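Here's a quick briefing to read alongside the model. Have the sequence and the 3D view open, and follow the topics one by one.

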Amino acid sequence: MRYLEQLGTAKRYSVIGLGTWQFGSKEWGYGDDYAGGESAKIVARARELGITVFDTAEAYGFGRSERILGDALASTGGTGDTVVASKIFPILPTAPVVQQRGVASAQRLGVRTIDLYQVHQPNPLVGDATTMRGMRALRDVGIVDEVGVSNYSPDRWRAAETALGSRLLSNQVQFSLVAREPMDELIPWAQRTGHLVMAWSPLAQGLLTGRYDADHRPSNTVRQTSVWLPENLDAARPLLDTLRDVASAHDASPAQIALAWVLHFPNVVAIPGASSVRQVESNAAAADITLTDGEHAGLTAAAQAYRPRTGIPALPRLVADKLGR
C-alpha cells in the first residue's frame with residue numbers, strides 16, 4: 001500500500017480507501033447477510049492490506065453504515081491507525097445543527113474523534129460561513145480532527161476554507177476515467193497547496209470493471225441510470241478494450257488499471273466500495289501498479305472518445321428501457 005505522506009495529517013492516508021455506502025443501504029441490494037457478516041470481513045481484510053481510509057456518511061442507510069463500520073473497526077483493533085471519515089447530510093447545516101450531527105455521527109461510529117468530517121453536498125441556501133462555524137466548534141472540542149467538503153466547486157472549496165479560517169483538507173468528488181472534470185482545476189490546486197481530493201465512484205459504479213455489457217447489466221436500484229443503456233454500454237467497448245490491453249501488460253484487471261489511472265494523479269485517494277473480500281483485495285493491489293505516461297495518456301484519449309447519451313436526450317430511451325425490463 002502507498003500513503004500520502006506529505007499531507008501533514010495526524011494519521012496516514014492510504015491512496016486506496018474503502019467506501020462504505022453499501023454497508024446497510026438497501027439500494028445496493030446486498031442484503032442483511034452482507035451487512036451483518038461480509039462487511040466486517042471486508043473491513044478486517046482491508047486493514048490487513050494496509051488500507052487506512054474508511055469513508056461513510058450519516059445518509060448511508062440513515063446512519064446504519066456508520067454503525068456497521070464502527071462495529072467492524074472496533075472488532076478488528078480499534079481506530080488508532082485508521083482514518084474514519086464521515087459526512088453530514090446538509091439539510092439546514094447551520095452551526096448548531098452541524099455540531100449536533102457531528103456528535104451523533106461520532107456516537108454511531110463509536111469514536112471520540114472523527115478523523116475527517118465532511119459536508120456531503122453544498123447547500124444552495126445556507127452559506128458556508130455558518131456551516132464552518134459549526135465545524136470549527138467541533139474541531140475545537142476534539143470531536144473532529146480534519147474538516148472536508150464533498151461535491152464542491154473549486155471556488156466554493158476555497159471560500160469554505162476562508163470561512164473555516166484554516167486548511168479545509170479535502171474535497172470528495174466524482175473522479176474516474178469517465179468523470180474527468182477534477183483534472184482541470186481541483187487536482188492541480190490540491191497538489192500545489194497541500195490539499196486532498198477524494199475520488200468517489202472511481203470505477204464509475206462498476207462500468208470500468210469490464211464485467212458488464214448490453215446483454216449483462218446490473219439490476220440494483222443505484223445503477224438504474226442512462227449509463228447502463230445498451231447503446232451506452234456498446235459505446236464503452238473501445239474504452240474497455242483499451243483498459244483490457246493495458247491490464248494485460250501489467251497482469252492486472254481492467255478495474256485495477258482504472259484505479260491506477262486515478263492514482264496516477266498526486267494528492268488523490270480513491271475510495272471504491274467492495275462487495276466481497278476478493279474485491280477489496282483487488283482494489284488494494286491497484287496501489288502497486290504504476291502506469292507509464294504513455295499508458296495514462298492512451299487511457300485518457302480512449303475515455304475522451306467515449307460519448308454516452310445522458311441527461312434529457314436519454315430520458316425517452318431510459319423510460320422505454322425501464323418499462324421493457
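**Where H2 meets H3**

In H2, Glu66, Arg67, Leu69 and Gly70 meet Ser105, Arg108 and Leu109 of H3, where contact means heavy atoms within 4.5 Å. Sorted by class, this contact of H2 with H3 has 2 nonpolar, 2 polar and 3 charged residues; Ala, Val, Leu, Ile, Met, Phe, Trp, Tyr, Cys and Pro count as nonpolar, Asp, Glu, Lys and Arg as charged, and the others, Gly among them, as polar. Keep in mind that this is a predicted model: local features need pLDDT of at least 70, side-chain atom pairs count only at pLDDT 80 or more, and totals for chains, interfaces and linings use all residues. Numbering runs from 1 along each chain as its sequence is written, and side-chain values use heavy atoms, with hydrogens and water left out.

**The whole protein**

- The protein has 12 helices and 8 strands, taken as DSSP runs (helices H or I, at least four residues; strands E, at least two) and numbered from the N terminus.
- Of its 325 residues, 53% count as buried, with buried meaning under 20% relative accessible area, exposed over 50% and partly exposed in between (1.4 Å probe, protein chains only).
- Among contacts with a separation of 6 or more, 76% come from residues 24 or more positions apart.

**Helix pairs**

- H2 and H3 (residues 95–109) pack at about 45 degrees, their axes 7 Å apart; axes are lines fitted to C-alpha atoms, for helices over the stretch in contact, and angles run from 0 to 180 degrees between N-to-C directions.
- H2 and H3 are therefore oblique to each other (under 35 degrees is roughly parallel, over 145 roughly antiparallel, 65 to 115 roughly perpendicular, and the rest oblique).
- The axes of H4 and H5 come within 8 Å and cross at roughly 55 degrees, which makes H4 oblique to H5.
- On the H4 side, Asp128, Ala129, Met132, Met135, Arg136 and Arg139 meet Arg156, Ala160, Ala163 and Leu164 in H5.
- By class, the contact of H4 with H5 has 6 nonpolar, no polar and 4 charged residues.

**H5 and its two sides**

- The buried residues of H5 (residues 154–164) are Pro154, Trp157, Ala160, Glu161 and Leu164.
- They span an arc of only 125 degrees around the axis, so they sit on the same side of H5; the arc is that of the directions from the helix axis to the C-beta atoms.
- Turned away from that buried side, the face of H5 carries exposed Asp155 and Thr162.
- Covering the buried residues of H5 are, among others, H4 (128–140), E5 (144–150), E6 (170–174), H6 (186–193) and E7.

**H9, enclosed**

- All in all, 10 of the 10 residues of H9 (residues 254–263) are buried, so H9 is largely enclosed by the rest of the structure.
- What covers them includes E7 (196–200), H8 (237–250), E8 (268–270), H10 (277–285) and H11 (293–304).

**Two loop residues**

- Isoleucine 271 lies in the loop between E8 and H10 and is buried, with a relative accessible area of 6%.
- Leaving out residues up to four places away in sequence, isoleucine 271 touches Gly17, Leu18, Gly19, Val53, Asp55, Gln172, Met198, Ala199, Trp200 and Pro202.
- Aspartate 81 sits in the loop between H2 (64–75) and E3 (83–88).
- Aspartate 81 and lysine 11 are 70 residues apart in sequence but 6.7 Å apart in space, C-alpha to C-alpha.
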